[in-house]
Amino acid sequence: MTSAALPIRTPMQAGRIVQQFRRRQHRTQAQLAADIGRSQATISRLETGLHQTTLGDLLSALHALDVEVSLNEDDSQPVSASDDI
């Protein structure tokens, strides 16, 4: 499978991506929830992006869906000498 960049800047975008990968694999929210030891309601909240979920739950869900996460610097944002990483 080839990798494609899927920028995530909001919880809603992250949720949509989880939902798309889950549906592509023909899995239910309940199945994904069982895989990560959470409730179906947690997956529902994660997918809508409207309620707070933990970064841990997001990363666990993506891992269970065999989705690798990588971070890239946004080149369009100016960086000043005083920016600390």
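Reply: The axes of H2 and H3 come within 8 Å of each other and cross at roughly 110 degrees. H2 is therefore roughly perpendicular to H3. An axis here is a line fitted to C-alpha atoms, for helices over the stretch in contact, and the angle, from 0 to 180 degrees, is taken between N-to-C directions. Helices are DSSP runs of H or I with at least four residues, strands are runs of E with at least two, and both are numbered from the N terminus.

A word on the source. This is a predicted model, in which local features need pLDDT of at least 70 and side-chain atom pairs count only at pLDDT 80 or more, while totals for chains, interfaces and linings use all residues. Residues are numbered from 1 along each chain as its sequence is written, and side-chain values use heavy atoms, with hydrogens and water left out.

Back to the crossing of H2 and H3. On the H2 side, the contact (heavy atoms within 4.5 Å) uses Gln29, Ala30, Leu32, Ala33 and Ile36. H3 brings Gln40, Ile43, Ser44 and Glu47. By class, that is five nonpolar, three polar and one charged. Nonpolar covers Ala, Val, Leu, Ile, Met, Phe, Trp, Tyr, Cys and Pro; charged covers Asp, Glu, Lys and Arg; the others, Gly among them, are polar.

Now turn to H4. The axes of H2 and H4 come within 9 Å and cross at roughly 105 degrees. That angle makes H2 roughly perpendicular to H4. Leu32, Asp35 and Ile36 of H2 meet Asp57, Ser60, Ala61 and Ala64 of H4. This contact has four nonpolar, one polar and two charged residues.

Which residues of H2 are buried? H2 spans residues 29-36, and Gln29, Leu32, Ala33 and Ile36 are its buried ones. Seen down the helix axis, these fall within an arc of 100 degrees, so they line one face of H2. The arc is taken from the directions that run from the helix axis to the C-beta atoms. The spacing has a simple background. An α-helix has 3.6 residues a turn, so residues three or four places apart point the same way. Buried means under 20% relative accessible area, exposed over 50%, and partly exposed in between, with a 1.4 Å probe and protein chains only. The buried residues of H2 pack against helix H1 (11-24), helix H3 (40-48) and helix H4 (55-64).

Most residues other than glycine have a negative phi. His26 counts as exposed, at 72% relative accessibility. After H2 comes Gly37, whose phi is also positive, near 70 degrees.

Charged pairs come next. A salt bridge is a side-chain nitrogen of Lys or Arg within 4 Å of a carboxyl oxygen of Asp or Glu. The structure holds three of them.

Asp35 pairs with Arg27, with the closest N and O atoms 1.9 Å apart. Arg27 counts as buried, at 16% relative accessibility.

Asp57 and Arg38 form another bridge, 2.7 Å from N to O. Asp57 lies in H4 and Arg38 in the loop between H2 and H3, so the pair ties together parts that are 19 residues apart in sequence. Asp57 is buried at 9% relative accessibility. Arg38 is partly exposed, with a relative accessible area of 44%.

Arg22 and Glu47 meet in a bridge as well, at 2.6 Å from N to O. Arg22 is in H1 and Glu47 in H3, so this pair joins parts 25 residues apart in sequence. Both Arg22 and Glu47 are buried. Leaving aside neighbours within four places in sequence, Arg22 touches Arg27, Thr28, Gln29, Leu32, Glu47 and Leu65.

Note on methods: Parallel < 35°, antiparallel > 145°, perpendicular 65-115°, else oblique.
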